[in-house]
Amino acid sequence: MKLYWMLIVVLASMIACVPARKYEELEAKQKQCAEELEALKSKVTGLETQNTELQGMIPELQEDIARLKGDTTLLGKSLRMKEKQYDKINDLNDELIAKMEKLQKGSAQENQKLMSDLNATKLMLQEKEDELKKLEAELNAKKETLDALSVELEKREQRVNELEDLIAKKDEAVKALKDKVASALLGFKDKGLTVEQKNGKVYVSMEAKLLFPSGSTKIDPDGKKALIDLATVLQDQEDLEVLVEGHTDTDALKSSSHPKNNWELSVLRATAVVEIMLDNSQMDKTKITAAGRSEYLPVDPDDKAKNRRIEIILIPNLDELFEIISNE
């Protein structure tokens with residue numbers, strides 16, 4: 001405004017000493033300058049409004065960034081780029097204000113040059129604003145990706161927790177079953193019978209001397225009692241598979257009648273055990289299997305007596321675990 005009144009005073013002083021035509025020319029130029037000044041003020045106001053809007057976007061962007069679960073290297077880099085863009089916008093705004101002030105004080109020729117610079121700066125400002133919007137879109141895309149990954153991670157963690165809980169319950173159930181079986185067979189502990197828990201299963205191992213005479217498939221009374229006691233425990237167990245395996249030593253059989261070899265001997269002994277257990281309990285016949293291993297899975301290559309044995313393997317049903325895993 002001071003510049004405006006100074007121009008009025010100058011023009012007034014010039015009126016007294018210039019012809020009317022010269023006065024009119026000066027008055028026209030003064031009017032033109034005033035219009036150009038108003039136009040520049042309007043543009044500056046528009047630029048200040050845009051700058052205010054851009055500044056107003058900063059808290060919202062910062063709040064969105066704060067909600068991200070973690071700052072990955074890529075997101076941190078993007079954030080720093082955005083801050084640099086804001087700094088550039090502020091610098092450009094200061095440059096515009098400085099050029100506007102210079103424009104108000106300069107000559108017509110300088111004004112024209114400054115106007116050109118002002119337009120170039122305005123174009124640069126628009127480019128930076130476009131870059132900022134692009135960066136903001138990229139940040140939003142990264143946030144959506146991160147949110148989706150977070151949801152998927154939560155689902156996977158939930159499945160893992162379910163698996164861990166179910167495995168823990170299965171382990172507890174197997175241990176309880178092992179303790180129950182060991183307690184029921186406690187009287188046979190020093191007669192070649194052992195109960196172990198390993199690999200999520202319970203292994204009841206009976207040396208052949210507890211069950212069978214040498215080379216025979218007929219079970220002794222003591223061995224029969226042990227099998228009946230075991231079957232009594234197992235008949236109340238649900239979700240349990242029972243595998244009865246017969247094992248022999250490496251001594252070859254020499255017989256023209258049955259059993260003819262170690263394979264047949266191991267299978268027949270396993271079958272005899274299954275028959276005793278089923279005949280003296282309410283065990284589910286669909287969940288017990290007899291198998292022969294012959295001489296090929298020894299527990300001690302140097303101790304034939306230990307290798308001649310019956311192993312009764314109690315296998316818990318793992319369908320629930322497989323169902324959870326299959327849903328991955």
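This tour goes through the chain stop by stop, from the overall fold to single residues.

**Ground rules**

The model is predicted: local features need pLDDT of at least 70, side-chain atom pairs count only at pLDDT 80 or more, and totals for chains, interfaces and linings use all residues. Residues are numbered from 1 along each chain as its sequence is written, and side-chain values use heavy atoms, with hydrogens and water left out.

**Stop 1: the whole chain**

Select the protein chain and colour by secondary structure. It has 9 helices and 5 strands. Helices (H or I, at least four residues) and strands (E, at least two) are DSSP runs, numbered from the N terminus. Read from the N terminus, the order is α-α-α-α-β-β-α-α-β-α-β-α-β-α.

Areas come from the Shrake-Rupley method with a 1.4 Å probe; for residues, only the protein chains shown count as cover. Of the 328 residues, 31% count as buried. Buried means under 20% relative accessible area, exposed over 50%, and partly exposed in between (1.4 Å probe, protein chains only).

Next, contacts, meaning heavy atoms within 4.5 Å. Take those with a separation of 6 or more: 71% of them join residues 24 or more positions apart.

**Stop 2: helix α3**

Select residues 73-105, which make up helix α3. Show Lys77, Arg80, Lys84 and Lys88: they form a positive surface patch. Arg80 lies in this helix and is partly exposed, at 49% relative accessible area.

Then show Glu83, Asp87, Asp91 and Asp94, which form a negative patch. Asp91 also sits in helix α3.

The patch rule: residues with over 30% relative accessible area and no salt bridge, like charges joined within 9 Å, nonpolar side chains (Val, Leu, Ile, Met, Phe, Trp, Tyr) within 5 Å. Lys and Arg count as positive, Asp and Glu as negative; His and the chain ends are not counted. Each charge is placed at NZ of Lys, CZ of Arg, CG of Asp or CD of Glu.

**Stop 3: salt bridges within helices**

The structure holds 9 salt bridges. Each is a side-chain nitrogen of Lys or Arg within 4 Å of a carboxyl oxygen of Asp or Glu.

Go to helix α4, residues 108-184. Select Lys143 and Asp147: their closest N and O atoms are 3.0 Å apart. The two are 4 residues apart, about one turn of the helix. Asp147 is partly exposed, at 32%.

Move to helix α6, residues 221-234. Lys225 pairs with Asp229, closest N and O atoms 3.1 Å apart. Here too the spacing is 4 residues, about one turn of the helix. Lys225 is partly exposed at 47%; Asp229 is partly exposed at 21%.

**Stop 4: a bridge across the sequence**

Select Lys304 and Asp251. They form a salt bridge, with the closest N and O atoms 2.7 Å apart. Lys304 is in helix α8 (residues 304-307) and Asp251 is in the loop between β3 (240-247) and α7 (262-279), so the pair ties together parts 53 residues apart in sequence. Both ends are partly exposed: Lys304 at 37%, Asp251 at 36%.

**Stop 5: Ser205**

Finish in strand β2, residues 201-207, where Ser205 lies. Is Ser205 buried or exposed? At 15% relative accessibility, Ser205 counts as buried. Leave aside neighbours within four places in sequence, and show what Ser205 contacts: Gly192, Leu193, Thr194, Arg309, Ile310 and Glu311.
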